[in-house]
Every structure is written in C-alpha cells, then in structure tokens.
There are 2 protein chains.
Amino acid sequence: MGPGPSCVYDEVYAALAEPTIGHLDPLFIRIMDAVKEDLKAIIGTSNRLTMPMSGTGSSGMETCFVNLVEHGDKVLVLTNGVFGKRMEDVAGRLGAQVDSLQFEWGTPVVPALAAEKLKGEKYGIVAVVHAETSTGVRNPVREIGDLVRPTGALYLVDCVTSLGGIPVRMDEWGADALYSGTQKCLSCPPGLAPLSFSDRALAKLKARKSKVPNWYLDLTMIMNYWEGNTRAYHHTAPVNMIYALYAAVRRFLDEGEDKVHARHRAAHEQLVAGLDKLGIPMYVEEEFRLPMLNAVGIPEGADDAGVRSRLLKEFAVEIGNGLGPLAGKIWRIGLMGHTARPENVDTLLKALTVCLKR
Amino acid sequence: MGPGPSCVYDEVYAALAEPTIGHLDPLFIRIMDAVKEDLKAIIGTSNRLTMPMSGTGSSGMETCFVNLVEHGDKVLVLTNGVFGKRMEDVAGRLGAQVDSLQFEWGTPVVPALAAEKLKGEKYGIVAVVHAETSTGVRNPVREIGDLVRPTGALYLVDCVTSLGGIPVRMDEWGADALYSGTQKCLSCPPGLAPLSFSDRALAKLKARKSKVPNWYLDLTMIMNYWEGNTRAYHHTAPVNMIYALYAAVRRFLDEGEDKVHARHRAAHEQLVAGLDKLGIPMYVEEEFRLPMLNAVGIPEGADDAGVRSRLLKEFAVEIGNGLGPLAGKIWRIGLMGHTARPENVDTLLKALTVCLKR
C-alpha cells in the first residue's frame, strides 16, 4: 500500500513463471502483438507505435526525451512534484533548453498560467505528469492538451501512476508521447514501461538530424523488432516480464475499465472516510486527489519513520514516506490495481489505529 | 538451444513468482546485498560497485559507455562480430571518437595487432567482447588486458555470453568495466545486466566534467540505491527479476564454478562429435571455440530457415541463424547454463538428423 509496486494478481505471477521462449519465436511474436493491442485499448490510442520498453517506468521517461529531443530544442516542463523535476533533469542532460513552470507541491498545474507561458515562447515539447506520485495530485492533462495543440509543440504526458486507475485518453488529449510503468495500477511487477508515440512524434523522430544518442532506447530500431513482418533483432526482450504484462492487461480488460476505476474510487473514498475518523487529514484538495495515491498529513506528534516501520514489521503493510519538501509532512498510501480493495483499506486503518495509539 | 535466452532452472521460475515487495523494504535490501556478493564471486572481482542494471544485457553495454565516455574521448573497439560493431555504434552516439580494429568474423582478436594499434594512439577506453555471440569466438581478453594496462586506458569487457559458462576473472584481467546478461549461461530470463566497475572506472566517472547524459543509467545515482545505509530511491528496481537472478547465482555457486564449466565443455564436445558424424563442420578454429555458442556451417543444399523452423515446430528445439556476413552460412547452437546437458545435445542431434534427411 505504498507508492508502488502494488499487490500483483495471481495470474500475473503464474504468467511470469511460464517457460521462457525465444524473443524471435513465432509464439512470442503473437504475444507481443496481443500486448500491443491491449495497451492501445488501455491507453486510449490508435497509435501504431505502442509497446512496452525494456526497463522500468523511468526508462519510459528517458525514451520519450532521448528520442524526441535534439541538442538545443526548447522543452517546457509543468512541474509540481518529484517526477516533473525528474523530467527537467532528463531533458537537460540531453542538451535541451529546459524551461519550467513550478507549482506548489500538493497543488495542481494551473492551465491559465501554462497558457500565459505558452504565449511568450515557442517550445518543441511541453511535458507534464498526469498523476504526481510524489504528492497525490491529478493534473488537468486534457485542459493542458487543449492549450498545447495550437502551439505546434509535441505534448508529452507521464502516466506511470495513472494508467489503470483513472481514465487515460491519449488521443483525446492530443498527447504525442506517453509512458507508464507496470508496477502501479496494472498490478504487475516492475520492469517494463508501456509507451506510445503519435504519428507527429514519429515524424519528429524520423526528421532527426542526429542519431538518437542512446542505442538501447532508440525507437527507430526498436520499432523494427516490435512491428512488421521481419522483426529485426535489436536486444533480447524481457520475455517473462512481457508474459506478466500480458496477463495484467488481460485482467484489466476482462474486469472492465469502468469497474476497475470504480473499484479505485470506492477504496479511496473508504480510506478518506476512515482517515477522517482517525483525525488524519488529506493533503490534496478534493477535486485534484488521486484515488490510487493518497497523500495524508502525518498527525501531530506521530513518529514518521517509526509508524511506517511498525506497519511493515507488525502488520506487513507498507506505506510510503514524503519526498523532497514533503518529507516528514506526509505519508503516501497507495490503492493501486489489485491493492484497491475494501479489505486492504480495513487492514490499513486498523493497523494505523494501533500504531498511532502507542 | 539458440543464442539465448537459455533454459531456465525450476528454482529460478519459482523465485520469479515470489510475492513482489517494495524496492525499499529491508528484506529486499538484504536480497540486493546478497546478489551483489554472489555476482562479485562469479565475475571474479572485489569491486564494490557490482550489481545488476535494470535492463537487458545491451543496457549493460550502454551503461558502461554512457558513464565513462565524455564528448571527444577516444575509444578503441577490437571488433570481430555483431557485438563489437554494436559497441562502436553505442560509443559513437555518445560523442566518442571511435577507432576500431576489425578482425574477420569467426576469427579471434589478434593481440599483436592490438598492441601495434595501442602504440600509435592514446585511448581513454579500449573495449572488447569476451564471447562473441554472433560468431562463437572466444577473444583472448587476458592477453589484451596485459596490453591495455600499461597504456592507462580503461579496459571494458563484454561478458554477456561468457559469464557462467567459461571463467570470467575481471580483476585478474585488469578489466575496469564489465557487463553481462541474465539469459545466457546464468539461465535466468532476460531483463537484467550484471555490471561491475573498478575503482579506476569510478574515479573517471567521478571526475566527469558533464552530467551523465542518461538519467536512467546514471551510476552516480544508482550507486546510492545499491550501496550504503540510506538507499536513496532512484527508480523502482525490477524486484521479481532480482529474485530470479538471486536464485540463478545461488544455483551456479551451489553447483560450483568448476563443475558448471566442465558441464559446458562436456556438452560442447558431445555436440562437436555428433555434428562431425553428420558431416556438419564447426565454423571456428578449435582453440577459440566457445563451448556455449557453437557456430556451425550450414550443410550444402540445406534450407537454412526451413530447417530451423522445422526444428522448432516438430521438435520444440530452437537454434539461431547467422547474423550479418554470416547469415545463411552458419547456425548458432547454444549450450548455455541449464541447457548444457547431454540429453539436450542428444535431442538436437536426433532432430537435426531428421530435418536434414528430408
């Protein structure tokens, strides 16, 4: 019940332990194709280039920037937490001219301020995090997309924590590059980064003057392994992790998006009500709260690390600490995927009651 | 029985499907520490910075170069196959001045020629592949190390296919950066890249004038997650893959290095004898053959893809094709880790006999 990894479905564990076959085996290629189609459905896109990268969620961030940024390109990051800051760092290392608009951690990006910023400067990429895992804030990505589109910039959205827990609608938002992770609301172990590029993003990639400065994450080559009839070897795909992701996306689609999202909302509401009784306040304003990542104020006098450690040792429940300026101020309670169930909320609330009393 | 992934040990599958716990859970940190110690033993090093990167073998190659190369650095690659060529590409993308010495595919790097090259120019890094997976050649990495050391260059060795199948002695060779993969002779699914840096490599990393231009693979940050008392979060480690690697390295050490290597040699000799009876020649001179990757000439008149496809469909045996200039000329038969057993060699020889007759 921390900020991820979340609890994993039994069928995902079973898939993970299926016999490893070759990364060019015709059966494996069928699995790859099926994963791609399922990811498109979950991400809300018809983008041909939709597949998992062979690394954890952060490798998805790296992939988006390293493929789309050339030296000197102007990038705007709308930042209100750790993962926005990380985007600034990633883009800067690649030689981008990084500009940012900073919002207080725990509050959302304000579209009107972004609009103003976009009027003053032309950017190649505008990037934002949908669900800020560090603060529990949902950013208004649809509204931001409406502002970015007329400027001609590529729109990059981090959906690591949102995908599978709240609606992700890549095409409706006009997003051009989007990535996620497997270990949050998809309830699969960490190790892959689902990713999608629009045709506009692909056009930018194809028009590069320089080679992508990262062989391992170069989509111009990786595409030739994930698409078409020839399936050119690039690197050995993490075969078993892809089995696991396949089982996880099937589970999501079998349960049905609406039901999964409703389950997240219900668990969140149950948690908020229970915490309220314990006198523990939510850190984020109601409208912008994420159901799957609940930032809560640490009660006056409670021992931050001590309570977390006791929860883990005595109740086998993990919750997360605050990061950066929120360290020591908040806890982060995850209700992601398989974890988002009433019995888990009950367990946590009871355990927290005990740990806060003594 | 292709060039990897190899057959996976039952206990590795079981470990893979163990419950996912948090990447900062004290129990997980104990597992990380144990994996590091076991990897040191297998790699033959006392380097403090020895751990698995969160990507497949090629991410290990990328990690070595991206951390050690700064723009304009001179890199020499001793190339005799696909993976040497890949090193040239990786280093070039990072702004290195890449020089190379090319040897015919299927033959080893010749130390005397390397010595001559090293006299003519000063390099920051000299790189070579220990076991060329594309050709089945073992390169004389110890002899090359003896030549590189006096020049002051960092010595980078690819041990993707060698580790676990033939002796790897990082410290004895004087290697400064070394990486491997999990899906070859360690018999673990693909997804991690064991890696080790010497103190000299670390010093070069710490003396960089510019940030590592790859956030995801930046060892200056990743070290702080894998070492010390604080374990600063960088990215969410691929928890279950690390369980699997732990089981695989334990299995290797329990069986004992000498026995595992002898098993590889015996399976190789059995294969060579059987192929000889079928009139199938080995492509590489005996002295430089790899036991775990056998390049064999495709018999006159045999249908390359047809035979491989029939082996897979009718006998559930995978073998690999030739790459680059060796496409259509050789097959690559893997005897890696758990696969290196007499019964597997028998199965392949019988199946091959059938497929070549009709």
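This is a predicted model: local features need pLDDT of at least 70, side-chain atom pairs count only at pLDDT 80 or more; totals for chains, interfaces and linings use all residues.

Q: Why do we say the copies meet through the same surface?
A: Because 95% of the interface residues of chain B are also interface residues in chain A.

Q: New topic, strands. Is strand 10 of chain B largely enclosed or open, and why?
A: Strand 10 covers residues 293-297 of chain B. Four of its five residues are buried, so the rest of the structure largely encloses this strand.

Q: Which strand is joined to strand 10 of chain B by five bridges?
A: Strand 12 of chain B, residues 330-334. The two strands run antiparallel. In one of these pairings, Val296(B) has Trp331(B) as its bridge partner in strand 12 of chain B.

Q: Now helices. At what angle do helix 12 and helix 13 of chain A cross?
A: Roughly 120°, and their axes come within 10 Å. Helix 12 is residues 304-315 and helix 13 is residues 342-357 of chain A. The two helices of chain A are therefore oblique to each other.

Q: Which residues make the contact?
A: From helix 12 of chain A, they are Val307(A), Arg310(A), Leu311(A) and Phe315(A). From helix 13 of chain A, they are Thr347(A), Ala351(A), Cys355(A) and Leu356(A).

Q: And is the crossing right-handed or left-handed?
A: Helix 12 of chain A passes helix 13 of chain A in a right-handed crossing.

Q: Back to the backbone. Is the peptide bond between Gly4(A) and Pro5(A) cis or trans?
A: That bond is cis, with omega about 5°. Pro5(A) sits in the segment before helix 1 of chain A. In chain B, the bond from Gly4(B) to Pro5(B) is cis too, with omega near 5°.

Q: What is phi of Ser187(B)?
A: Near 55°, a positive value in a residue other than glycine. Ser187(B) is in the loop between strand 8 and strand 9 of chain B.

Q: Is Ser187(B) buried or exposed?
A: Ser187(B) is buried, because 27 other C-beta atoms lie within 10 Å and 20 or more count as buried.

Q: What about Arg231(B), where is that residue found?
A: In the loop between helix 9 and helix 10 of chain B. Phi of Arg231(B) is also near 55°. Arg231(B) is partly exposed, with 16 other C-beta atoms within 10 Å.

Key
Residues are numbered from 1 along each chain as its sequence is written. Chains are lettered from A and ligands numbered from 1 in the order in which they are written. Two residues are in contact if their C-beta atoms, placed from the backbone, lie within 7 Å. A residue is buried if 20 or more other C-beta atoms lie within 10 Å of its own, exposed if 12 or fewer, and partly exposed in between; C-beta atoms are placed from the backbone. Two strands pair if DSSP finds at least two bridges between them. Axes are lines fitted to C-alpha atoms, for helices over the stretch in contact, and angles run from 0 to 180 degrees between N-to-C directions. Angles under 35 degrees count as roughly parallel, over 145 as roughly antiparallel, 65 to 115 as roughly perpendicular and the rest as oblique. A crossing is left-handed if the near helix is turned anticlockwise from the far one by less than a right angle, and right-handed if clockwise.
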